[in-house]
Amino acid sequence: MTAQTSSMGLQIVLSRPLITPSGHTERASRPAGSSITVRRFAPGDIERVVGFHREIYGSNFPGFVWSEQFASDFEQALKTALHSPSEGLFVAESPSRGVVGFVWVGVSLRSHCRDRIVGVIKDLYVIPEHRGQGLGRSLLYEGERFARAHSATRVVLEVTTANTAAVALYESAGYHVERHTMEKPIEGPA
Ligand SMILES: CC(C)(COP(=O)(O)OP(=O)(O)OC[C@H]1O[C@@H](n2cnc3c(N)ncnc32)[C@H](O)[C@@H]1OP(=O)(O)O)[C@@H](O)C(=O)NCCC(=O)NCCS
């Protein structure tokens with residue numbers, strides 16, 4: 001995962017073991033009582049998802065500065081991920097509004113850890129009008145299913161501590177803090 005392709009903030013790293021496909025991970029791809037479905041990302045979804053980019057990063061990187069170049073890099077990274085077997089992209093689609101959210105998960109190798117194959121949740125987003133309906137959770141679990149299907153035994157993600165909705169979602173889904181990424185400004189004369 002590169003910082004450029006991840007929307008997650010740099011404050012805390014959460015992780016959870018993927019031991020058995022039980023509990024919440026058993027929930028269907030269609031949130032209960034909803035006509036919204038979760039399906040694989042298709043090339044035709046790129047433009048819509050790139051449109052989410054600014055808000056995703058704005059809410060996850062304090063001091064985020066948007067640029068055309070950054071958005072273009074994100075688009076390119078999505079296109080590359082679409083053709084990579086170790087990258088999972090899924091969208092939530094409403095019959096009336098089209099794509100209303102997405103998740104991006106990658107599977108990578110950590111040769112120095114007991115859980116060598118890990119899923120990395122790189123992006124998770126639901127449009128404001130559809131929040132609080134269980135879609136974020138459904139997308140997260142779809143990402144976890146992809147990771148498990150690719151032999152991952154743990155899933156990790158980064159989230160900004162100030163993003164309380166996302167932190168609450170991850171904690172309720174079984175994630176806990178494993179590492180802190182710390183920052184401080186060092187402006188001033190060298
Ligand atoms: C974070 C985000 C994906 C959550 O999506 P969502 O569809 O609203 O989440 P859900 O409805 O599935 O909520 C699942 C759980 O998360 C928690 N949660 C979600 N939103 C919350 C909020 N605003 N305040 C407190 N808890 C919240 C709750 O525990 C909730 O479970 P409950 O409804 O049973 O109480 C969405 O707010 C979003 O897209 N935010 C902008 C992008 C972003 O920050 N992405 C995460 C990057 S790290």
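In this predicted model, the shell around the ligand draws most on α5, which gives six residues. That shell holds 23 residues in total, with R131, G136, A165, A168 and L169 as the closest to the ligand. Helix α4 also supplies at least two residues of the shell, and α4 is itself mostly covered, with twelve of its 15 residues buried.

**Shell around the ligand**

- Four elements each supply at least two residues of the shell, namely α2 (53–60), β5 (117–126), α4 (135–149) and α5 (164–172).
- By residue class, the shell divides into eleven nonpolar and ten polar residues, together with two charged ones.
- G136 is among the residues closest to the ligand, and G136 is also one of the buried residues of α4.

**Helix α4**

- The buried residues of α4 are L135, G136, S138, L139, L140, Y141, E142, G143, E144, R145, F146 and A147.
- The cover over these buried residues includes the strands β2 (37–40), β3 (87–94), β4 (98–109), β5 and β6 (154–159), and the helix α5 is also part of it.

**Largest nonpolar core**

- The largest nonpolar core comprises 38 residues, and within it F90, A92, F102, V103, I121 and L139 have the most contacts.
- Two or more residues of this core come from each of α3 (68–82), β3, β4, β5, α4, β6 and α5, and β4 gives the most, with seven residues.
- Leaving aside residues up to four places away in sequence, F102 touches F41, V49, L89, F90, V91, A92, D123, Y125 and L139.
- L139, one of those contacts of F102, is listed among the buried residues of α4 and is also one of the residues with the most contacts inside the core.

**The residue S151 after α4**

- S151 follows α4 and is found in the loop between α4 and β6.
- Although S151 is not a glycine, its phi is positive, at about 70°.
- Most residues other than glycine have a negative phi.
- Is S151 buried or exposed? S151 counts as exposed because 11 other C-beta atoms lie within 10 Å, and the cut-off for an exposed residue is 12 or fewer.

How values were computed. Residues are numbered from 1 along each chain as its sequence is written. This is a predicted model: local features need pLDDT of at least 70, side-chain atom pairs count only at pLDDT 80 or more; totals for chains, interfaces and linings use all residues. A residue is near a molecule or strand if its C-beta atom, placed from the backbone, lies within 6 Å of it. Ala, Val, Leu, Ile, Met, Phe, Trp, Tyr, Cys and Pro count as nonpolar, Asp, Glu, Lys and Arg as charged, and the others, Gly among them, as polar. A residue is buried if 20 or more other C-beta atoms lie within 10 Å of its own, exposed if 12 or fewer, and partly exposed in between; C-beta atoms are placed from the backbone. Two residues are in contact if their C-beta atoms, placed from the backbone, lie within 7 Å. A nonpolar core is a set of buried Ala, Val, Leu, Ile, Met, Phe, Trp, Tyr and Cys residues joined through C-beta atoms within 7 Å.
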